[in-house]
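Below is a short note for a colleague who has not seen this structure before. The points are numbered and can be read in order.

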Amino acid sequence: MSINHLNKPGRFWKGNLHTHSTKSDGCMSPAEICTAYRDEGYHFLCISDHFLERFNWPITDATQDAPDGLILLRGAEVHAPANSHDELWHLLAVGLPAGFAPPLADEDASQLARRCLAEGAFLTIAHPEWSGLTLDDAAAIPEAHAVEVYNHTSAVHAARGGGSYYLDALLNTGRRINALASDDAHFNIVERPMADAFGGWVMVRAEANTPVAILAALKEGAYYSSRGPDFETVRQSGGFLEISCSPVDHITILGRGSRVERIHGKGMTDAKLPLDRFNGDWARVVLTDTNGAQAWSNPFWP
Ligand SMILES: [Zn+2]
Ligand SMILES: [Zn+2]
């Protein structure tokens with residue numbers, strides 16, 4: 001996990017990995033969803049319907065519905081018993097095969113997660129704040145690639161859309177796990193600005209907008225998450241981090257405990273900050289624009 005992944009050859013592609021359609025409990029058809037995201041300027045999408053028996057175990061494949069300019073990753077939100085509140089687990093599995101088998105009767109979340117990973121998925125622990133997940137919960141899913149640092153539907157419908165505190169707590173245990181922002185859109189609310197879509201996304205660095213290239217870059221951690229600001233380049237060299245970005249008012253590097261480096265200024269587009277206080281441990285970068293919208297780098301180890 002290197003921050004320099006954001007500068008690898010290629011460009012950034014915008015996508016949302018967490019969406020529900022009428023194939024499970026969403027309010028719009030896969031075709032309508034594809035058009036809506038394409039019209040918003042997204043390059044890729046995963047329609048991640050709830051993989052539950054009551055929805056006939058859908059692995060929604062909307063490839064036929066995809067308009068020009070939008071590619072689809074096959075995936076689902078998979079569920080198994082039980083987290084520490086005796087509720088179903090919610091795990092986002094992007095890159096599942098079409099014939100992914102329903103859970104076995106006695107399959108728990110750890111086993112289901114391992115099966116998703118064995119079949120090639122990029123696996124994310126969904127909405128930790130909405131679910132009230134504990135550190136013991138995350139220990140049951142040790143190989144997850146990421147945890148949601150922002151889930152837009154949980155913010156809109158439950159005022160619990162965050163995940164930063166949980167991500168940091170996991171990093172403090174020595175775990176290597178990335179951040180992910182998603183919509184989890186169900187299209188229950190479509191009026192702007194309250195809509196449950198278009199509020200959290202990823203920007204993936206890849207040479208081509210193909211399912212194979214996007215999935216590989218996600219697994220490598222070659223992406224950032226955002227609600228607004230954009231990273232342009234981020235380079236670690238000589239004990240410093242050099243950042244260029246869209247105009248923001250705060251550039252912050254966070255680490256263990258209360259470790260922080262930051263710079264403030266109206267509409268800044270670049271900064272150079274020292275990394276020495278993070279040496280030998282983790283760090284991550286957050287951009288905050290004048291509206292309070294944030295972008296999150298993945299963690300790295302200076
Ligand atoms: Zn969920
Ligand atoms: Zn969901």
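How many bridges join strand E13 to E15, and do they run parallel or antiparallel? Point 5 gives the answer.

1. Basis of the note. This is a predicted model, in which local features need pLDDT of at least 70 and side-chain atom pairs count only at pLDDT 80 or more, while totals for chains, interfaces and linings use all residues. Residues are numbered from 1 along each chain as its sequence is written, and chains are lettered from A and ligands numbered from 1 in the order in which they are written.

2. Overall form. The protein has seven helices and 16 strands; helices (H or I, at least four residues) and strands (E, at least two) are DSSP runs, numbered from the N terminus. Its radius of gyration is 18 Å, close to the 19 Å from the globule rule for 302 residues, so the protein is as compact as a globular protein of that length. That radius is taken over C-alpha atoms, and the rule is 2.2 Å times the number of residues to the power 0.38. Along the principal axes, the C-alpha atoms fill a box of roughly 55 × 40 × 35 Å. Of the 302 residues, 47% count as buried. A residue is buried if 20 or more other C-beta atoms lie within 10 Å of its own, exposed if 12 or fewer, and partly exposed in between, with C-beta atoms placed from the backbone. Among contacts with a separation of 6 or more, 65% come from residues 24 or more positions apart; two residues are in contact if their C-beta atoms, placed from the backbone, lie within 7 Å.

3. Two domains. The protein is divided into domain 1 (3-226) and domain 2 (231-296), with bounds that come from an automatic or database domain assignment. The C-alpha centres of the two domains lie 25 Å apart. Twelve residues from domain 1 and ten residues from domain 2 make the contact. On the domain 1 side, the elements giving two or more residues are helix H6 (164-172), strand E9 (178-182) and E11. E11 gives the most there, with three residues. The residues on that side divide into seven nonpolar, five polar and no charged. Here Ala, Val, Leu, Ile, Met, Phe, Trp, Tyr, Cys and Pro count as nonpolar, Asp, Glu, Lys and Arg as charged, and the others, Gly among them, as polar.

4. Strand E11. In E11 (residues 223-226), Tyr223 and Ser225 point one way, Tyr224 and Ser226 the other way, and all are buried. In a regular strand the side chains alternate between the two faces of the sheet. E11 runs antiparallel to strand E10 (residues 201-206), to which four bridges join it; two strands pair if DSSP finds at least two bridges between them. Val204 stands opposite Tyr223. E11 also pairs with strand E16 (residues 294-296), in the antiparallel sense over two bridges, and Ser226 has Ala295 as its bridge partner in E16.

5. Strand E15. Six bridges join strand E13 (residues 240-255) to E15, and the two run antiparallel. Leu254 has Arg284 as its bridge partner in E15. Five of the six residues of E15 (residues 283-288) are buried, so this strand is largely enclosed by the rest of the structure. E15 pairs with E16 as well, in the antiparallel sense over three bridges, and Val286 is partnered there by Trp296. E15 and E16 form a hairpin with five residues between them, and Gly292 in the turn has a positive phi of about 90°.

6. The six-stranded sheet. An open sheet of six strands has the order E3-E5-E6-E7-E8-E9, with mixed pairing. Strand E3 (50-51) and E9 stand at the edges, each with a single partner strand, so one side of each has no neighbour in the sheet. Strands E7 (residues 122-125) and E8 (residues 146-151) pair in the parallel sense over two bridges; Thr124 has Ala146 as its bridge partner in E8.

7. Two buried residues. Ala222 lies in the loop between helix H7 (211-220) and E11, and is buried, with 24 other C-beta atoms within 10 Å. Its C-alpha atom is separated by 8.5 Å from that of Asn4, 218 residues apart along the chain. Phe44, in strand E2 (residues 44-46), counts as buried with 26 C-beta neighbours inside 10 Å. Beyond its neighbours within four places in sequence, Phe44 has contacts including Trp13, Leu70 and Ile214.
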